[in-house]
Amino acid sequence: MNEKKHSLATRCIHGGRRPSPADCAVVMPIYQTSTYLLDPDAQADLEAGRPPASTFYSRMGNPTVAAAERRIADLEGAEEARLFASGNAASHAAVMGSLAGGAHLIASKFLYGGTQEMIKHVCANSDASVSFVDLESQAKLEAAFTDKTRALFCESLANPTLELADIPHLARLAHSQNAKLIVDATFASPCLQQPLELGADLVMHSVSKYLCGHSDLIGGALAGSAQEMAAVTRQRSHTGACMDPHAAFLVDRGIKTLALRMRAHCAGSLALAEFLEQHPAVERVLHPGLPSFPQHERARLLLKDFGGMLMFTVRGDDRAATAVLEALKLALPAVSLGGVETLVSQPAYTSHTAMTIEERRAVGIPPGSIRVSVGIEDPQDLIADFAQALDG
Ligand SMILES: Cc1ncc(COP(=O)(O)O)c(C=O)c1O
């Protein structure tokens, strides 16, 4: 079966694995085993000091994990994918795989806080270095490259400002400077965008979000060419940041409904964004699908739909935003995103708590900002919930 001939919704269900008479379970079973019988080839590889090609120890590979990896690789149009214990572990492997020998990394200044902290930690403890740059400023971006720059790291849709990276442009620039482009596409999911097809070298997902879809696990993924993935795979074996087979089973199950869920996330978030934009208590709404969104035209070009995330700012300050959160009856106040339930959080008290008010303003998060991960509830119920909370 050539899976590429089928639509993404079909590949979410059938991509990567076809049950056969030899492997007859329709659903990939959980291989709850740390070790495997050594076949003669694996024995020969071990004797020669090579890592065996076949499965032999679950830190290096596990059939349940591998099935989910093949499904993700298929959705991303990648030769290979690897699953990790968390999104941060996946980003860490991508960064470590790119920064050998005192290399330099350029990272978007709008990266998720946990990724920024991890990169700073890696650089503080090695001879690697990083520059955090506003990728929309061409002059600053070009000036940031040095002869040691080996990678550029961005989010396709930034958390929480939803700034949309111009991946084809960033890829051309990175490649012209002998650097690779790493894209965290967590907010987009494979339903909205394939960063590799737009020119990126590695795509990363926190699978804790849309790929899993039910807010019940922590995991990460990287996908790319076999050559790119070799360094990443070595890194995962060394750090032991492999995914547990139970989590991989849930990821694999989650992906089967990804296209269905993303359609509902996208429709619900646009309906809620349009409602919020006309509400008198709301100062500003950021949603890539609104014509008022600063990069709306770019979003129409680079995304297949506009995603399930939005950020809005209520009139007043962060206390006014807290009052709205407390008044919501359906949407739940919690960090994270991409699950079936609508979650609301205030970046000022969660992802961006280490910044001053002015620093937050400078990165596009004014007082009163609320991030919403729109779930798959009936949009009319969500709109009614936000209406009663905003009306006081
Ligand atoms: C955009 C983005 N990237 C990476 C991560 C880190 O993923 P994890 O929490 O699975 O380690 C997060 C977590 O919120 C995120 O929002």
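The questions below take the labels in turn, from the whole chain to single residues.

Student: What kind of model is this?
Tutor: The model is predicted.

Student: What makes the protein as compact as a globular protein of its length?
Tutor: Start with the contents: the protein has 15 helices and twelve strands. The radius of gyration is 21 Å, and the globule rule gives 21 Å for 392 residues, so the protein is as compact as a globular protein of that length. Along the principal axes, the C-alpha atoms fill a box of roughly 70 × 50 × 35 Å.

Student: What share of the residues counts as buried?
Tutor: Of the 392 residues, 47% count as buried. As for contacts between residues at least 6 apart in sequence, 70% of them join residues at least 24 apart.

Student: Into which domains is the protein divided, and what separates their centres?
Tutor: Domain 1 consists of 3–30 + 61–256, and domain 2 of 259–391. Their centres, taken over C-alpha atoms, are 25 Å apart.

Student: How many residues of domain 1 are in contact with domain 2, and which helices supply them?
Tutor: 28 residues of domain 1 are in contact with 28 residues of domain 2. On the domain 1 side, helix H1 (8–14) and helix H8 (189–192) each supply at least two residues. The residues of that side divide into 16 nonpolar, nine polar and three charged.

Student: Which residues surround the ligand, and of what class are they?
Tutor: The shell has 15 residues, and the closest are Ser86, Gly87, Asn88, Ser206 and Ser208. By class there are eleven polar, two charged and two nonpolar residues. Helix H4 (87–96) and helix H5 (113–124) each supply at least two residues of this shell.

Student: Why is H3 called largely enclosed?
Tutor: Twelve of its 14 residues are buried, so H3 is largely enclosed by the rest of the structure. The buried residues of H3 include Glu69, Arg71, Asp74 and Glu76 as well as Val65, Ile72 and Leu75.

Student: What do the buried residues of H3 pack against?
Tutor: They pack against H1, H8 and helix H10 (245–256), and against the strands E1 (80–84), E6 (202–206) and E7 (220–224).

Student: How does the reach of H3 stand against the expected value?
Tutor: Helix H3 (residues 63–76) reaches 20 Å from its first C-alpha to its last, close to the 20 Å expected at 1.5 Å a residue. Glycine 77 follows H3, with a positive phi near 65°.

Student: Why is cysteine 191 called buried?
Tutor: The cut-off is 20 or more other C-beta atoms within 10 Å. Cysteine 191 has 23, so it is buried. This residue is in helix H8. Leaving aside neighbours within four places in sequence, cysteine 191 is in contact with Leu8, Leu258, Ala259, Met262 and Lys304. Cysteine 12 is 179 residues away along the chain, and the C-alpha atoms of cysteine 191 and cysteine 12 are separated by 9.4 Å.

Student: Why is serine 336 called partly exposed?
Tutor: Partly exposed covers counts between the two cut-offs, 12 or fewer for exposed and 20 or more for buried. Serine 336 has 14 C-beta neighbours inside 10 Å, so it counts as partly exposed. Serine 336 is in the loop between strand E10 (332–333) and strand E11 (343–345).

Conventions: Residues are numbered from 1 along each chain as its sequence is written. This is a predicted model: local features need pLDDT of at least 70, side-chain atom pairs count only at pLDDT 80 or more; totals for chains, interfaces and linings use all residues. A residue is near a molecule or strand if its C-beta atom, placed from the backbone, lies within 6 Å of it. Helices (H or I, at least four residues) and strands (E, at least two) are DSSP runs, numbered from the N terminus. Ala, Val, Leu, Ile, Met, Phe, Trp, Tyr, Cys and Pro count as nonpolar, Asp, Glu, Lys and Arg as charged, and the others, Gly among them, as polar. Domain bounds come from an automatic or database domain assignment. Two residues are in contact if their C-beta atoms, placed from the backbone, lie within 7 Å. The radius of gyration is taken over C-alpha atoms; the globule rule is 2.2 Å times the number of residues to the power 0.38. The expected span of a helix is 1.5 Å times one less than its number of residues.
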